[in-house]
Amino acid sequence: MIGPPPGTRVYLACGVTDMRAGMDRLSALVQQSLGANPFDGAVYLFRGRRARLLKALWHDGVALSLLVRRLEHGAFAWPMTPTGSVTLSPAQASLLLEGLEWRTAQREWRPTAA
């Protein structure tokens, strides 16, 4: 899976989104619910009720793209707040898109001596 490039702003739309929504409806949600501009180059992520489907809305400067990711096993880790948004780093977004726990990611090994 290719994650977002460094420096990309990534926002999670908290709560549950109707996954029947297309580009127009999701961009309206970004404007109305999140108070943001869907054409500003940031990635906006939306999750379905069962937490196995994720939609990403992204404008690359030329066109608006709608990307869909579905997990065959497991669920996407999502914040528990019912409204608002959460900002992620590109590294956290990559973990989320892989279906991993992005909130508690830590390095496993650190050198103790040179």
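Guide: Let's start with S27, which lies in helix α1, residues 23–32. Helices here are DSSP runs of H or I with at least four residues, strands are runs of E with at least two, and both are numbered from the N terminus. This is a predicted model, in which local features need pLDDT of at least 70 and side-chain atom pairs count only at pLDDT 80 or more, while totals for chains, interfaces and linings use all residues. Residues are numbered from 1 along each chain as its sequence is written, and side-chain values use heavy atoms, leaving out hydrogens and water.

S27 is buried, because its relative accessible area is 10%; buried means under 20%, exposed over 50%, and partly exposed in between, with a 1.4 Å probe and protein chains only. Setting aside residues up to four places away in sequence, S27 touches P38, L57 and L64, where contact means heavy atoms within 4.5 Å. Further along α1 comes Q31, which at a relative accessible area of 44% is partly exposed. With that sequence exclusion of up to four places, Q31 touches A36, P38 and F39, and P38 is also among the contacts of S27.

Now for what α1 connects. Strand β1 (residues 10–13) and strand β2 (residues 43–47) run parallel and are joined by 3 bridges; two strands pair if DSSP finds at least two bridges between them. The chain goes from β1 through α1 to β2, and this β-α-β crossover is right-handed, meaning that the path from the first strand over the helix to the second runs clockwise when the strands point away from the viewer. Across this pairing, Y11 stands opposite Y44 and L12 opposite L45. β1 has another partner in β5 (residues 85–88), which runs antiparallel to it over 4 bridges, with V10 opposite L88.

Most residues other than glycine have a negative phi. A51 is buried too, because its relative accessible area is 7%.

L54 and L45 lead us into the nonpolar cores. A nonpolar core is a set of buried Ala, Val, Leu, Ile, Met, Phe, Trp, Tyr and Cys residues joined through side-chain atoms within 4.5 Å. The largest has 13 residues, of which L45, L54, W78 and L96 touch the most other members. β1, β2, β3 (53–59) and α2 (90–97) each supply at least two of its residues, and the largest share, 3 residues, comes from α2. A second, separate core of 10 residues includes A13, L26, F46 and L64; L64 is one of the residues that S27 touches.

We finish at α2, whose buried residues are P90, A93, L96 and L97. Viewed down the helix axis they fall within an arc of 115°, so they line one face of α2; the arc is that of the directions from the axis to the C-beta atoms. Their cover includes β1, β2, β3, β4 (64–70) and β5. Just after α2, G99 takes a positive phi of about 85°.

Stepping back, the protein has 2 helices and 5 strands, in the order β-α-β-β-β-β-α along the sequence. Of its 114 residues, 34% count as buried.
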